[in-house]
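Take a look at the model below.

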Amino acid sequence: MSKQFENKVALVTGSSRGIGAAIAIRLAADGAHVVVNYAASPARAEQVVAEITRAGGHAEAVHADLSTLEGTKTLVESVSTVFGGKFGGCVDILVNNAGTAEYGPFLESSEDSYDKHYDLNVRSMISLTKALAPRMIEAKWGRIINIGSRLGEGAPVAGLAIYVSTKFAVHGFTRALSRELGATGVTVNSVQPGAIDTEMSPDDGGPAAQMMKKLMSVGRFGRPEEIASAVAFIASPDSAFINGENLTVDGGWNA
């Protein structure tokens with residue numbers, strides 16, 4: 001195990017499965033004490049914690065539904081309670097990963113769908129960052145890493161207007177906040193995955209998946225661990241001069 005994040009606390013939202021789980025496992029392997037946040041399925045979150053623990057790492061599972069403002073407050077309070085007497089009570093690495101996506105024609109979409117996307121994909125990111133950044137600034141070190149999407153750069157397919165607009169918001173928030181925090185020792189960046197083989201977007205998902213593979217120069221879907229590697233680099237001391245960057249990791253889709 002690497003020790004580059006030893007004595008650092010990492011909070012990864014939506015990390016009971018998929019990309020979030022891979023990020024939590026990787027940061028723990030590099031020495032971080034990881035908060036595995038989940039909204040549903042405590043069993044899955046505990047599986048991630050168990051995998052980290054078996055490998056010699058440290059993690060806790062914390063329930064909070066970040067689609068609500070109350071859930072965001074609960075997560076901040078829970079983290080403060082767990083780490084109040086450890087590591088200065090500070091989250092050093094915040095990975096805003098929790099998100100949702102629904103597909104369909106915009107003119108048939110509902111207000112509920114709009115609210116669901118913006119509450120989870122955008123507001124939770126902003127609220128958590130606002131709550132946790134002050135302690136990073138006080139410590140003069142921190143990493144805020146937002147998980148966006150290759151679709152934060154454009155919309156190559158139809159039926160994603162609301163989702164795409166939220167990922168453009170992630171892109172813009174990352175750039176704008178980096179201007180405010182850059183001189184404090186806290187960097188703000190995002191990682192924008194392309195098509196990644198997860199339950200939400202399996203690489204054997206039929207004609208749509210085959211079409212996406214053709215758009216990527218590497219000819220395949222990415223693996224969650226490959227996104228986790230990018231996040232680990234952005235979080236590392238080696239990335240101190242990288243700020244306000246939206247790093248697209250998409251197998252050449254955007255080439």
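R44 is partly exposed, with 28% relative accessibility. The cut-offs are these: buried is under 20% relative accessible area, exposed is over 50%, and partly exposed is in between (1.4 Å probe, protein chains only). This is a predicted model: local features need pLDDT of at least 70, side-chain atom pairs count only at pLDDT 80 or more, and totals for chains, interfaces and linings use all residues. Residues are numbered from 1 along each chain as its sequence is written, and side-chain values use heavy atoms, with hydrogens and water left out.

R44 forms a salt bridge with E199. Their closest N and O atoms are 2.8 Å apart. A salt bridge needs a side-chain nitrogen of Lys or Arg within 4 Å of a carboxyl oxygen of Asp or Glu. R44 sits in helix α2 (residues 42-54) and E199 in the loop between β6 (186-193) and α6, so the pair ties together parts that are 155 residues apart in sequence. Helices (H or I, at least four residues) and strands (E, at least two) are DSSP runs, numbered from the N terminus. E199 is exposed, at 54% relative accessible area. R17 joins in too: R17, R44 and E199 are linked in a network of salt bridges.

## Other salt bridges

How many salt bridges are there by this rule? The count comes to 8. One of them pairs R123 with D119, at 3.9 Å from N to O. Both residues lie in helix α4, 4 residues apart, about one turn of the helix. D119 is partly exposed, at 29%.

R223 and E226 also meet in a salt bridge, at 3.2 Å from N to O. R223 is partly exposed at 44% relative accessibility. E226 is partly exposed as well, with 25%.

## A nonpolar patch

V157, M211 and L215 form a nonpolar surface patch. Together they have about 210 Å² of accessible area (Shrake-Rupley method, 1.4 Å probe; for residues, only the protein chains shown count as cover). Patch residues have over 30% relative accessible area and no salt bridge; like charges are joined within 9 Å, and nonpolar side chains (Val, Leu, Ile, Met, Phe, Trp, Tyr) within 5 Å. L215 belongs to helix α6 (residues 207-215). L215 is partly exposed, at 36% relative accessible area.
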